[in-house]
Amino acid sequence: MYMQKAYRFRLYPADEQRGQMTRIIGCCRFVWNRLLEYSSKSYKRRGERHSAYDLNNFIAHTLKPAYPWLTDAPAQTLQCVSADLSAAFKAFFRKDADYPKFKKKHRSKKSFRIPQKGKVDADNNRIYVQGVGWVDAVIHRKPSGKLKNITVTVNPSGSVYASCLFEDGFEVPSPVIPVKPKVLGIDLNLERLAVCSDGTEYGNPRVLKQHEKRLKHLQRMLAKKRKGSENWKKLRTEIAVLHEKVANIRKDAIHKMTKSIVCDSQADAIVIEDLNVSGMFRNHKLSKHIQDASFYEIRRQIEYKSLWYGKTLIAADRFFASSRTCSVCGWHNDGLTLRDREWECPVCHTRHDRDRNSALNLESFGLSALAGDAGEVKPPEMPAVDESRVCTCIRSMASVNEEKDHGYSMEAPKLA
Ligand SMILES: [Zn+2]
């Protein structure tokens, strides 16, 4: 397994190039919807499942002859749509995801992927996007390795980014566990973002909170405007820009924190609770805060960064009572509720900070798991390290959030 890293660069397309990008995105959306229709019919009538190969044939022999303008998009980009839909169906059959949905023009994420033939020219600050040509870009750092693919995303605010996935040819380091390993337990929670067993705390950025007032205000104004009018459009763009800003600040904070946890802490192994985040999303009372804190994203980043830096990641069972057990004597506090931030152990009289106690328990869990006593040591799987997904994921969390509060969203919620 080789190391893969995604670099995200801002693109500055000329008007004509922007138009071509919009056309490609339109083709991809059209193809997705037609393929979904085709797959749904076969599945509902005959229980048939189509492979990406079948779908590619359908594009080449049925869709393209009927809709010649589909040649506006590179063939390989359309094949990525087949691959994505096929993956979406597989996830559905595995019961990991809902049934694939149709993409709506104004609600779906505007992006397309180019699997080959892309180039990143760092010296001249430009990126070659197949089907569009050389596009001006800001290459703020030089990527190393072989370019695997490029994903171009046009944000609701109008800004365009290219997420470039590179494989550098180095094997992923195998985790080394010394005789006396340093194990770091991490408690992720709602109030504080993360509390580590070594005492380090990371604050919750709560960026949305700061901007929420302004967003709410803008949303209220938007509701008063006539839908489709010039002022309505202007305001909608302003809201999109604010969303993007929030997403970027949040992303930055989470990246810094996970880097610090995985790398700067010098821990050999990291222990987290195996939170069932998608399950928690259904709990409406908790969901807003969870979205704010972007648990899912933190977890994802800790996973892939552990892999990069050769750390062992241990996921403690979800039913492991990390916050209820006294980390000093092991007494079990059954009466502990979510509201109790501090408690005192009646047996050893230790005063516990709920989160720190939980982190300490996770640390001991990790130590015993490494010694082979309990639990399971889970090496994280290589996730698709696509920065554009990071951004999407976080932003759509913000959208879900907003949709609930204001009944309006810039993007359809989508969790990878
Ligand atoms: Zn105790």
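Two strands count as paired if DSSP finds at least two bridges between them, and helices (H or I, at least four residues) and strands (E, at least two) are DSSP runs numbered from the N terminus. The model is predicted, so that local features need pLDDT of at least 70 and side-chain atom pairs count only at pLDDT 80 or more, while totals for chains, interfaces and linings use all residues. Residues are numbered from 1 along each chain as its sequence is written, and side-chain values use heavy atoms, with hydrogens and water left out.

**Exercise 1. Describe the site of the zinc ion.**

Step 1: List the donors, which are N, O and S atoms within 2.8 Å of the metal (3.2 Å for Na, K and Ca), bearing in mind that water is not among the atoms and sites may look incomplete. The zinc ion is coordinated by the SG atoms of Cys326, Cys329, Cys345 and Cys348, at 2.2 to 2.3 Å.

Step 2: Judge the geometry, where four donors count as tetrahedral if all angles lie between 85 and 135 degrees. The angles among the 4 donor atoms are 105 to 116 degrees, and the site is tetrahedral.

Step 3: Read the donors along the chain, where they follow the spacing C-x2-C-x15-C-x2-C. Cysteine 326, in the loop between strand S12 (312-316) and strand S13 (342-344), and cysteine 348, in the loop between S13 and strand S14 (351-353), are 22 residues apart and link distant parts of the chain.

Step 4: Compare accessibility, with buried meaning under 20% relative accessible area, exposed over 50% and partly exposed in between (1.4 Å probe, protein chains only). Cysteine 326 counts as buried because its relative accessibility is 2%, whereas cysteine 348 counts as partly exposed because its value is 28%.

**Exercise 2. Locate the bend in helix H2 and the neighbours of its buried residues.**

Step 1: Helix H2 bends by about 35 degrees at isoleucine 59, the bend being the angle between axes fitted to the seven residues ending there and the seven starting there.

Step 2: The buried residues of H2 are Leu55, Phe58, Ile59 and Leu63, and they pack against helix H1 (15-46) and helix H3 (75-93), where contact means heavy atoms within 4.5 Å.

Note on methods
Tetrahedral: all angles 85-135°; square planar, octahedral: opposite > 155°, others 65-115°.
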